[in-house]
Amino acid sequence: MVNAIIKRLEAFLELGGAKKDIVLLILSGIALLLSLLHINPFPFDAAWIAIALCGVPIILEAIIGLVTAFDIKADVLVSLALVASVCINEDFAAGEVAFIMQLGALLEDLTVAKAREGIEKLVHLTPQTARVLEHGKEKIIPAEQVQLHDLIRVLPGETIPVDGVIVSGQTSVNQAVMTGESLPVDKGVGDGVSSGTVNQFGAFEMRAEKVGADSSIQRMIRLVQSADAGKAKIVRTADSWATWIVVTALIAAAAAWVISGELIRAVTVLVVFCPCALVLATPTAIMAAIGNATKHGFLVREGDALERLAKADKLTFDKTGTLTYGVPEVLAVYSCSETVPEEALFAYVSAAELLSEHPLGKAVVRSYKAKQRAPIASATNFSMLPGRGISAEVDGKTVLAGNEALFLDQNLTVPDETKARAEEYQQQGCTMIYAAVDGTVAGFIALADTLRKESPAMINSLLQIGVAPVLLTGDNANAANAIASQLHISEVSAGCLPEDKLQKIEEYQKNGHAVCMIGDGINDAPALKKADVGIAMGGAGSDIAVDAADIVLVDDEVKELPHLLALSKKMMNTIKLNLTFSMGLNFLAIALALTGILNPVVGALVHNAGSVLVIINSALLLKWRKN
C-alpha cells in the first residue's frame, strides 16, 4: 500500500508544470468549497489543504529568494499576507489567496506555452537517423554523425537529415518547416535540399553539404533557444517597481494597524497590495507577442527586440534578396538582325549558355525554360572566354554571347541604335548580354533582379503606420533608383560598402531616429548589429547575417513586416495598459481596505482577479492581427 502511494506521488511529481498546477487547483478548489460551506470532514479547516498545496510552495520560494539573494519580489508580500491571514484565523482568506495565485501561475504557464508552441515544433522536427551509402552499401547512423560530403539516400516519407545537393533521383519535398510553402517543391539533380524538410514521393541520393550544427534545422533550433523574454529591459523595470511596492505595502499595513487599531485592516492591505498583476503585466505580453510573431514567420531572438522595434521610425532595406528575389531573370530580348528574330536569338543564346557555369548564363537558360515551350538545342564546341563570355556551335551556327569587351576582341561593332536601346535598359538597372550569330551582331538580352511581388504593398503599409522606408544597397545607382521608383521609396543610398551602411544608420541614430535594418547578406551583418533592431532573411540570408540579427524572418515573406511593426506597438500599448490597470486597482483596493470596506477574503478576490484580467489581456495578443 505504501509503495503504491509512493509510486503515485513520484508519477505526480513527474507531471509537467501546467498539469501539476491543474491537479493542485482541483484539489484546492474542492477544499475551499468545503470550507465555504462549513463542511469539515477533517479535524481542521479544509482551507488548510489549499494553503498547504498552493501556499507553502510560495512561502518556500520567498524564503529561498530572501536568504540566497535578498530578492524582495511578489512572493514575499504574498507570503506575508498568507501568514498574517492564518495568524488572525482567516484560514479561508489565506487559502483563497494561495488558490488564486496558483490560478494566475497556471494562466501564465498556458500563455507562455501557447506563445512558444510554434517555434518549439522545430525542435521535434530534428531528424534522428540518416541512410549513409558506403561502397554501395547502406547503413543507418544517427543524423548527428553524418560527415561532410557523405552520400545519403532518402526514401519517400523520410525527413531529410542534413543540408545537401541531390546527385541522383527526382522527388518532391515539403519545405513548409523552412519556407512556409504549402505545396511540395519538385527537386532533381543539382537542386539543394534542407534538413528537417520531408521527402514526399521519390527516393533520391544526396551529397551532404552542411552537417551537425551547421544544418538549417539546427540553425533554426539555436534561434528558438535564444528567444528569451527575460532579457527585456521593461521586465526589469517592472521587477524594480515590485520591490518598492513590497516596502510601501509594509509601511501602509503598519499605518493601517496603528491608525485603526485593527489588525485585520493591516492584513487586508497586505493581501490587496501584492504586486502580482504588475509583475505579470510585461512578461506575459512579451511572450504572447513573440508567439504571434512566430505564427507570422518571425523568430524573435531577443526579448527586448520588440520593445525596441516599437520605437522604430526608419526601416532600412538591403535590395538584393530582400526587396527583390536576388535572382536575375530575362526582362527583354532585342534583335537588330533581320535574319535572327528575337525568338531565335533567345533560343541560340540559351543553347550556347546551357553548358555555362556563369550566374547570368544560368539565368538565361532558366528564363528560357520558364517562358518557352520548345526544348533547348544541344551546343557543341563550347568554350568559356574568362571575363568576356562564351562561344559555341548551335545548329551549325557560331554563337557568341557576352559583354562589349568580347565584341571588341572579335572586331565586332554594336550598332548605335542597339547601344541606345541597351542604355535604356541599363538605366533601369539591367545587365546586358550581347549576342552575335555567324560573325554578325544579332542583338542583346537584358537581365535584371526581379522585385518581390509583395514588396509594393508592404512598403505602402509601412508608410501608413508612420515608418519611413530607406534603401541601402551596394548595387549601382541605376538599379537602386529603378527599384526605389517602383516602390515609391524616396530615400536611397546606392553603391554602399558595409561601412557605408553602418555610417548611414549611425547618422540616422544621431538625428534622433530609431532604425530597424533588414538584410540577407554577409555584407549586411555590421548594419544589422548597429541598427536598433536587425531583421535577417532566414531562408535566403547568410549564416553571418542571421547570427547578427535580433529577429529572423524564417520564410522570407516580407509582406509580414508591417504586421511585425504594428504588433510591437500593440504590445507596448498592452503593457502600458496592464501596468496602469494593475497599479490603479492596487491603490483603489488599498483605499477601500484602509476604510474597512474590504476584508481579507474580498480583498484577495479583487486583487487576484486583477492578475487574471492582466493575463487574459496579454493573451489576446496571440491572435491579434493588423487590419
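What percentage of residues 21–40 is helix, what percentage is strand, and how far apart are the end C-alpha atoms? The span is 80% helix and 0% strand, with its end C-alpha atoms 24 Å apart. All views show a predicted model, in which local features need pLDDT of at least 70 and side-chain atom pairs count only at pLDDT 80 or more, while totals for chains, interfaces and linings use all residues. Residues are numbered from 1 along each chain as its sequence is written, and side-chain values use heavy atoms, with hydrogens and water left out.

**View 1. Spans annotated as "transmembrane region".** An unreviewed UniProt entry places this feature at residues 21–40, 46–70, 241–260, 266–291, 577–598 and 604–622; such annotations may be inferred rather than shown by experiment, and the positions are given in the numbering used here.

**View 2. The aromatic pair of Phe346 and Tyr368.** The structure holds six aromatic pairs, a pair being rings of Phe, Tyr or Trp (its six-membered ring) with centres within 6.5 Å, stacked if the planes are under 30 degrees apart, edge-to-face if over 60 and tilted otherwise. The ring centres of Phe346 and Tyr368 are 5.0 Å apart and the planes stand at 85°, so this pair is edge-to-face. Phe346 belongs to helix α13 (residues 342–353) and Tyr368 to helix α14 (residues 359–371), 22 residues apart; helices (H or I, at least four residues) and strands (E, at least two) are DSSP runs, numbered from the N terminus. Both Phe346 and Tyr368 are buried, that is, under 20% relative accessible area, whereas exposed means over 50% and partly exposed lies in between (1.4 Å probe, protein chains only).

**View 3. The aromatic pair of Phe407 and Tyr434.** This pair is tilted, with 6.1 Å from centre to centre and 55° between the planes. Because Phe407 lies in helix α15 (residues 404–409) and Tyr434 in strand β16 (residues 431–437), the pair ties together parts that are 27 residues apart in sequence. Phe407 and Tyr434 are both buried, and together with Tyr334, Tyr425 and Phe444 they form one aromatic cluster.

View 4. Lys501, Ile505 and Tyr508 are buried in α19 (residues 498–510). Seen down the helix axis, the buried residues fall within an arc of 55°, so they line one face of α19, the arc being that of the directions from the axis to the C-beta atoms. On the other side of α19, Gln503 and Lys510 are exposed. After α19 comes Gly512, with a positive phi near 90°.
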